[in-house]
Amino acid sequence: NGAWTISGDVANLSGGALRGAGDGISLTGTTVTGAVANEGTIDAGLTGINLNGTKVSGNAGNATQITATQYGISLTGSSAANLINSGSITAASGTLTAGISAVNAQLASLANQAGGSITKATDGISLSASTITGAVANSGTIEAVQYGIGLTGTAASSAGALVNAGTITAGTAGLLANGAW
């Protein structure tokens, strides 16, 4: 945490395991010139990948397994080229607040790709006060108590497209755009 610049990637590589009571990967006020990626296993007491006030030049995402109790991936006041889940994001117990959360974030696109899954979450993908210049897309599986993909908030937000080509099972709404979108 702090005003760091990391020249290259921040990655939990294949075969790697991050386990603990806090976050799996946590970056605050950091600039990353590469990607932030999970290609191994993250078992986090809070959030799998937590980016707060962080700028990522490359993609951010999960290609394998994140198990957490709060968020799978969370971006707050952060930016990345694309945010991609092609692996599994699930709750350790109970339900996640959101599989993917972006608040005040800037992204080119956000995708839960084919083969990707977000399960045991209140909201599968939750976006608020964010700008996504391309699509917010699901081609995988999302199972949520409330919203599959929820675009909410009162601050000006935008997304290039909202697309589902996968399966969303949600208690309230599969796709929701509510507020200043």
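Strands here are DSSP runs of E with at least two residues, and helices are runs of H or I with at least four, both numbered from the N terminus. This is a predicted model, so a word on the ground rules: local features need pLDDT of at least 70, side-chain atom pairs count only at pLDDT 80 or more, and totals for chains, interfaces and linings use all residues. Residues are numbered from 1 along each chain as its sequence is written, and side-chain values use heavy atoms, with hydrogens and water left out.

View 1. Asp 23 counts as partly exposed because its relative accessibility is 27%; buried would be under 20% relative accessible area and exposed over 50%, with partly exposed in between (1.4 Å probe, protein chains only). Leaving aside residues up to four places away in sequence, Asp 23 touches Ala 44, Leu 46, Thr 47, Gly 48 and Asn 50, where a contact means heavy atoms within 4.5 Å.

**View 2. The side chain of Asp 23 makes polar contacts with Ser 26 and Asn 50.** A polar contact is a pair of N or O atoms within 3.5 Å; within protein, one must be able to donate a hydrogen and the other to accept it, and residues adjacent in sequence count only if both atoms are side-chain atoms. The side chains of Asp 23 and Asn 50 meet this way at 3.0 Å, and those of Asp 23 and Ser 26 at 3.5 Å.

**View 3. Asn 50 is a buried residue in strand S8.** Strand S8 covers residues 47–52, Asn 50 among them. With 18% relative accessibility, Asn 50 counts as buried. Skipping residues up to four places away in sequence, Asn 50 touches Asp 23, Ile 25, Ser 26, Leu 27 and Ser 74.

**View 4. Strand S12 pairs with both S8 and S15.** Two strands pair if DSSP finds at least two bridges between them. S8 and S12 (residues 71–76) run parallel and are joined by 5 bridges; S12 also pairs in the parallel sense with S15 (residues 96–103), again over 5 bridges. Follow Tyr 71 across: Thr 47 stands opposite Tyr 71, and Tyr 71 stands opposite Ala 98 in S15.

**View 5. Stepping back, the chain has 22 strands and 0 helices.** Its C-alpha atoms fill a box of roughly 40 × 35 × 25 Å along the principal axes. Of the 181 residues, 45% count as buried.
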